[in-house]
Amino acid sequence: MDNSKIKRYTVTAALPYTNGPVHIGHLAGVYIPADIYARYLRSNKRDVKFICGSDENGVPITLKAKREGITPQEVVDKYHKIIGDSFKEFGVSFDIYHRTSSLTHHQTAADFFETLYDKGVFTEEITEQYYDATAKQFLADRYITGTCPKCGNENAYGDQCENCGSTLNATDLINPKSTLSGDKPILKETKNWFLPLDKYEDRLRTYIESHKEWRPNVYGQCQSWLNAGLQPRAMTRDLDWGVRVPLRDAEGKVLYVWFDAPIGYISATKELCNYAKLDVWNPKAEEYYISSYESDKCGWEEYWKSDETKLVHFIGKDNIVFHCIIFPAMLMAHGEYTLADNVPANEFLNLEGQKISTSKNWAVWLNEYLREFEGKQDVLRYVLTATAPETKDNDFTWKDFQARNNNELVAILGNFVNRVVVLTHKYFGGTVPTCMEITDVDQAVIDELAGYPAKISASIENYRFREALSEVMNVARLGNKYLAETEPWKLIKTDEDRVRTILHIALQITANIQILIEPFLPFTAEKLMKMLINGGHDWENAGGVNLLKRGHQIGEGVLLFEKIEDAEIDFQIEKLNQSKASNAAANVAEAVPAKENIQFDDFSAMDIRVATIIAAEKVEKTKKLLKLTVNTGLDERTVVSGIAEYYKPEDIVGKQVSMIVNLAPREIKGIVSQGMILMAENSEGKLTFVAPAEKFQEGSVIR
């Protein structure tokens with residue numbers, strides 16, 4: 001997008017599901033980078049609306065309600081408050097934190113659906129959908145689990161496999177099972193309204209290919225879906241919780257959560273602009289009613305329907321298809337809305353070498369962190385930005401958290417600021433000294449300082465937040481190096497004027513840090529502003545050495561950061577160990593239930609043999625798949641296996657395995673897989689080969 005035409009920015013952060021608190025994976029993937037970007041735009045005096053809110057519709061909410069024995073409304077009320085309060089305390093600077101249970105949202109989503117319906121966009125189809133005869137209800141996507149037809153993951157959902165990332169339909173699953181009763185569902189006819197994504201394929205391809213600057217993971221995923229061919233997708237569901245489908249013949253149906261959720265950005269902007277206040281609940285009538293209408297004070301449509309608005313979606317990689325394919329297709333079908341200029345999706349953050357799991361309590365929860373590390377919001381913001389999974393999955397460890405705090409925030413940034421403020425008070429009574437003669441050393445520092453704002457801006461505007469933060473820390477490193485080289489504490493007795501110049505420049509570096517650090521560490525910037533008794537400056541002032549005037553009185557020094565001791569870290573690690581132990585105990589107590597009985601002839605039909613892996617390589621553009629060449633004793637053939645997370649190709653060549661050799665061939669990522677390697681999976685999801693205890697001849701039959 002031509003930046004000269006941009007008059008305003010709409011920045012959205014993925015709406016978190018209100019079925020649990022926010023954890024560090026969410027923060028690193030979405031909310032911290034989005035907040036950095038929005039704060040930076042504001043510091044540059046740009047017109048920006050930073051939009052988010054609770055996603056309170058969809059199956060995860062109803063599942064949580066069933067597990068806890070409460071109503072969906074009680075679930076969303078509980079977690080909306082926990083999440084919203086946590087974001088506020090953490091310093092995420094949303095202009096509005098909305099909720100999709102509001103009437104404004106229900107009306108906006110319903111109106112959007114009606115517009116597309118009236119334009120003849122949808123196709124009505126009577127299809128067979130899974131139905132739980134025991135629970136007596138149709139099953140939405142997340143009420144069904146089964147085996148992924150593309151990678152063999154046995155815990156895939158009816159809409160997506162979280163193992164290989166494939167988008168699915170529930171009827172694609174092998175051995176489907178209802179999460180309500182555990183029974184095998186039956187197929188039953190029902191009518192739904194489908195968005196014909198295939199009809200928008202050419203327009204979507206043109207749109208995607210005009211954004212080759214997008215991150216490789218985003219652009220690559222989009223191309224993969226387009227190349228596979230888009231199919232119509234149902235935009236309604238048989239469910240009793242969500243936005244009701246606004247049609248007479250749609251009783252008992254709600255909008256698909258990924259139809260209504262992104263519209264939540266629009267409804268939130270309406271509420272931010274006081275377009276209408278409609279969210280007063282009438283408990284007697286069990287419905288919302290309109291309390292008042294107000295003028296549209298900021299013109300919500302300008303932020304969604306103008307070619308002078310830059311729209312940016314911050315999301316995690318599991319939401320790419322919905323924000324880059326489905327939502328743009330909806331907007332194209334509507335015809336009035338701006339399409340996103342960028343969708344900077346991060347990869348996943350792991351925790352202590354394992355995938356974050358909310359169900360297993362393998363997570364660092366934001367609300368707990370804020371309680372246990374009081375006043376240390378910026379430490380977590382710093383660590384999660386410095387290790388952000390921008391281009392590949394990354395790992396958070398408590399030891400690294402401690403080391404970055406102690407060795408970087410305390411020893412570099414905090415140390416520099418503290419020395420400058422303490423020396424200024426000690427030698428000059430806390431007033432900014434006059435800058436005397438400028439030496440070549442001083443000028444070199446001044447010149448280097450002047451170049452940092454542009455470098456940091458370029459990194460932020462290209463969504464490279466790790467790089468930008470590193471450059472901000474380099475300003476503190478520049479200051480420390482300057483003090484170490486000039487040694488004002490030695491010169492004070494012999495050359496006071498020289499010390500005046502040194503501390504004047506050091507104070508200007510400190511004032512620059514206050515501006516440059518604010519998008520990343522807002523609480524630290526606030527402390528600096530109070531310490532310098534400085535009203536603060538906008539980004540355009542950064543890089544100069546006249547931010548603090550001669551004779552200006554600064555405040556007493558306070559420590560920006562404090563060391564984190566081993567005991568605090570040991571406590572956090574022990575919490576995770578307890579979660580691991582609890583999960584292991586639960587898995588022993590609640591073993592994976594046995595599948596339905598089969599006949600002996602069914603088992604006999606499987607031809608399982610000893611085979612040897614003779615070659616192995618990673619499948620391009622995947623993280624979990626290996627392409628194996630195996631000697632079955634009958635022939636040499638290719639098998640695709642999802643074991644790349646647990647085995648390196650070079651480590652398994654020569655390994656003997658158990659293999660089903662008469663499984664029908666299946667194409668996976670363009671490779672024809674001719675069999676299946678048998679693996680065992682433990683309670684933590686780790687895979688290991690099912691192999692003979694001693695070397696056996698290839699082709700030996702396993703009975």
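Accessible areas come from the Shrake-Rupley method with a 1.4 Å probe, and for residues only the protein chains shown count as cover.

The model is predicted: local features need pLDDT of at least 70, side-chain atom pairs count only at pLDDT 80 or more, and totals for chains, interfaces and linings use all residues. Residues are numbered from 1 along each chain as its sequence is written, and side-chain values use heavy atoms, with hydrogens and water left out.

**The whole chain**

Start with a cartoon of the protein chain, which has 19 helices and 27 strands. Helices (H or I, at least four residues) and strands (E, at least two) are DSSP runs, numbered from the N terminus. The radius of gyration is 29 Å, close to the 27 Å that the globule rule gives for 703 residues, so the chain is as compact as a globular protein of that length. That radius is taken over C-alpha atoms, and the globule rule is 2.2 Å times the number of residues to the power 0.38. Along the principal axes, the C-alpha atoms fill a box of roughly 100 × 70 × 45 Å.

Colour by accessibility next: 54% of the 703 residues count as buried. Buried means under 20% relative accessible area, exposed means over 50%, and partly exposed lies in between (1.4 Å probe, protein chains only). Among contacts with a separation of 6 or more, 73% are between residues 24 or more positions apart; contact means heavy atoms within 4.5 Å.

Select Arg42 and Asp95, whose side chains meet in a salt bridge (3.4 Å, N to O). Arg42 lies in helix H1 (residues 24-43) and Asp95 in the loop between helix H3 (72-90) and strand S3 (96-99), so the pair ties together parts that are 53 residues apart in sequence. A salt bridge here is a side-chain nitrogen of Lys or Arg within 4 Å of a carboxyl oxygen of Asp or Glu. Both residues are partly exposed, Arg42 at 28% relative accessibility and Asp95 at 32%.

Move to Arg46 and Glu461, which form a salt bridge with the closest N and O atoms 3.0 Å apart. This pair links Glu461 in helix H12 (residues 440-461) with Arg46 in the loop between H1 and strand S2 (48-54), 415 residues apart. Glu461 is partly exposed at 26%, as is Arg46 at 28%.

Then select Arg464 and Glu467, another salt bridge, with the closest N and O atoms 2.8 Å apart. Glu467 has a relative accessible area of 36% and Arg464 has 35%. The whole structure holds 39 salt bridges.

**A three-strand sheet**

Select strands S6, S7 and S8. They form an open sheet with the order S7-S6-S8 and antiparallel pairing. Strand S7 (156-157) and strand S8 (174-178) stand at the edges, each with a single partner strand, so one side of each is left without a neighbour in the sheet. Two strands pair if DSSP finds at least two bridges between them. Strand S6 (residues 144-147) pairs with S7 over two bridges, and Gly146 stands opposite Ala156 in S7.

**Around Lys317**

Is Lys317 buried or exposed? At 14% relative accessibility, Lys317 counts as buried. Lys317 is found in the loop between strand S15 (309-314) and helix H8 (320-334). Leaving aside residues up to four places away in sequence, Lys317 touches Asn217, Gln221, Ala345, Asn346, Glu347, Phe348, Asp393 and Lys623. The C-alpha atoms of Lys317 and Glu347 are 5.5 Å apart, although 30 residues separate the two along the chain.

Show the surface of Ile598, Phe600, Phe603 and Met606, which make a nonpolar patch of about 410 Å². Patches are made of residues with over 30% relative accessible area and no salt bridge; like charges are joined within 9 Å, and nonpolar side chains (Val, Leu, Ile, Met, Phe, Trp, Tyr) within 5 Å. Met606 sits in the loop between helix H18 (600-604) and strand S19 (608-618), and is partly exposed at 35%.

Follow S19 into an open sheet of five strands, with the order S21-S20-S19-S22-S25 and antiparallel pairing. The edge strands, S21 (636-641) and S25 (676-677), each pair on one side only. End at strand S22 (residues 656-660), which pairs with S25 over two bridges; in S25, the bridge partner of Met659 is Ile677.
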